[in-house]
Number of protein chains: 2
Amino acid sequence: MQDGTFISVGHPQETPRGDAYARDCPTRQLLDRIGDKWSVLILLLLGEEEMRFSRLKKRIDGISQKMLSQTLRSLERDGLVTRHAFATVPVTVSYGITALGRELLAALRLMIDWAETRMPDVVEAQRSFDGRAALAH
Amino acid sequence: MQDGTFISVGHPQETPRGDAYARDCPTRQLLDRIGDKWSVLILLLLGEEEMRFSRLKKRIDGISQKMLSQTLRSLERDGLVTRHAFATVPVTVSYGITALGRELLAALRLMIDWAETRMPDVVEAQRSFDGRAALAH
């Protein structure tokens, strides 16, 4: 992987170094995974403490067993989450966050803080939009 | 909408004020929309300059007409993007970013900076994971 395959969008006056706008850019795929709401919720929980699979499932209302397994595996593969299996009967599996995951989490928190703070503005915008749409019909 | 419906995850020592972990929490739905890779790419482009639909489509390789329309409409409804139609023949439509959208973009940039900087670590983690998975079979 070359630096040239990364996007650089913080400096609009420069030509982007890479290109997340290109469909095969790995950064685009990474963006899709790290922005996924399940990934975000899992990283937030593991940022608080190590947690067993069953506990994660309980905390994240509505996630299926399969989706939780898949997302954890994807996070583990990306080096964001660690998995520990304990030789109990039955085997218990616990998940934690890596240093890399914690770095990402710090960035994600800003996005979440924004959502938390600005939700009323978003709801207001939606009402206004829906009102205009209703008038147009 | 009450403050009580928002999540607060930055303070693990406190009981969360709201609950994005609950399936019907609007913040969870908002998280899903703002983390979406198409939304991120569109906001990044509009953060540079106002842009026509056709130009956006050209810049974002692989996005379908329908997906671009839907995502722009969703961003407009959330108050993140503005839409201007000009009475040319045929009508031309231009999109810009709102102040609210620009705020979100600032938070998203950190996530993108992380992805840009840490992509080699992620790739290394993937290689290591795949190597272990291959050994296990």
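**Entry 1. Strands of chain A**

I start with a term: two strands count as paired if DSSP finds at least two bridges between them. I also note that this model is predicted.

Strand β2 covers residues 81-86 and strand β3 covers residues 92-97. I find six bridges between them, and the two strands run antiparallel. A hairpin of five residues leads from β2(A) to β3(A).

Which residue of β3(A) stands opposite A:Arg83? I traced it to A:Tyr95. I then looked up A:Ala85, and its opposite number in β3(A) is A:Val93.

A general point for reading such strands: in a regular strand, side chains alternate between the two faces of the sheet.

**Entry 2. The sheet of chain A and its helix**

I then turned to helix α2 of chain A, residues 37-48.

**Entry 3. Strands of chain B**

I repeated the search in chain B. Strands β2 (residues 81-86) and β3 (residues 92-97) of chain B pair antiparallel, and I count six bridges there. Five residues form the hairpin that links β2(B) to β3(B). I looked up B:Phe86 and found B:Thr92 as its bridge partner in β3(B).

The sheet of chain B is open, with three strands in the order β1-β3-β2 and antiparallel pairing.

How many bridges hold β1(B) to β3(B)? There are two, and the pairing is antiparallel. I checked B:Met51, and its bridge partner in β3(B) is B:Tyr95.

Helix α2 of chain B (residues 37-48) lies across β1, β2 and β3 of chain B. It runs at about 90° to β3(B).

**Entry 4. Two helices inside chain B**

I followed α2(B) to its contact with α5(B). The two axes come within 10 Å and cross at roughly 115°. Angles of 65 to 115 degrees count as roughly perpendicular. The two helices α2(B) and α5(B) are therefore roughly perpendicular to each other. Their crossing is left-handed.

Which residues meet here? From α2(B) I list B:Val40, B:Leu43, B:Leu44 and B:Gly47. From α5(B) I list B:Gly101, B:Arg102, B:Leu104, B:Leu105 and B:Leu108. By class, this contact has six nonpolar, two polar and one charged residue.

**Entry 5. How the chains meet**

Now the interface. Chain A gives 55 residues to the contact, and chain B gives 55. On the side of chain A that touches chain B, α1 (26-35), α2, α4 (65-77) and α5 (99-135) each supply at least two residues. Which element of chain A gives the most? It is α5(A), with 22 residues. That side of chain A has 31 nonpolar, seven polar and 17 charged residues.

I then compared the two surfaces. Of the interface residues of chain A, 100% are also interface residues in chain B, so the copies meet through the same surface.

**Entry 6. The axis**

I superposed chain A on chain B. A rotation of 180° does it, with 0.0 Å of shift along the axis and an RMSD of 0.0 Å. This is the relation of a two-fold axis. Which residue of chain A comes closest to that rotation axis? I found A:Gly35, at 2.0 Å by its C-alpha.

**Entry 7. A crossing between chains**

Last, I looked at α1(A) against helix α5 of chain B, residues 99-135. Their axes come within 10 Å and cross at roughly 115°. That makes α1(A) roughly perpendicular to α5(B). Is the crossing left-handed or right-handed? It is right-handed.

On the α1(A) side I list A:Pro26, A:Thr27, A:Leu30, A:Leu31 and A:Ile34. On the α5(B) side I list B:Met111, B:Ala115, B:Glu116, B:Met119 and B:Val122. The residues of this contact divide into eight nonpolar, one polar and one charged.

Technical notes: Residues numbered from 1 in each chain as written. Chains lettered and ligands numbered in written order. Predicted model: local features only at pLDDT ≥ 70, side-chain atom pairs only at ≥ 80, totals over all residues. Helix = DSSP H or I, 4+ residues; strand = E, 2+ residues; numbered from the N terminus. Contact = placed C-beta atoms within 7 Å. Nonpolar A, V, L, I, M, F, W, Y, C, P; charged D, E, K, R; others polar. Least-squares fit on C-alpha atoms with pLDDT ≥ 70 in both. Axes fitted to C-alpha atoms, helices over the stretch in contact; angles between N-to-C directions. Parallel < 35°, antiparallel > 145°, perpendicular 65-115°, else oblique. Left-handed = near helix turned anticlockwise from the far one by under 90°.
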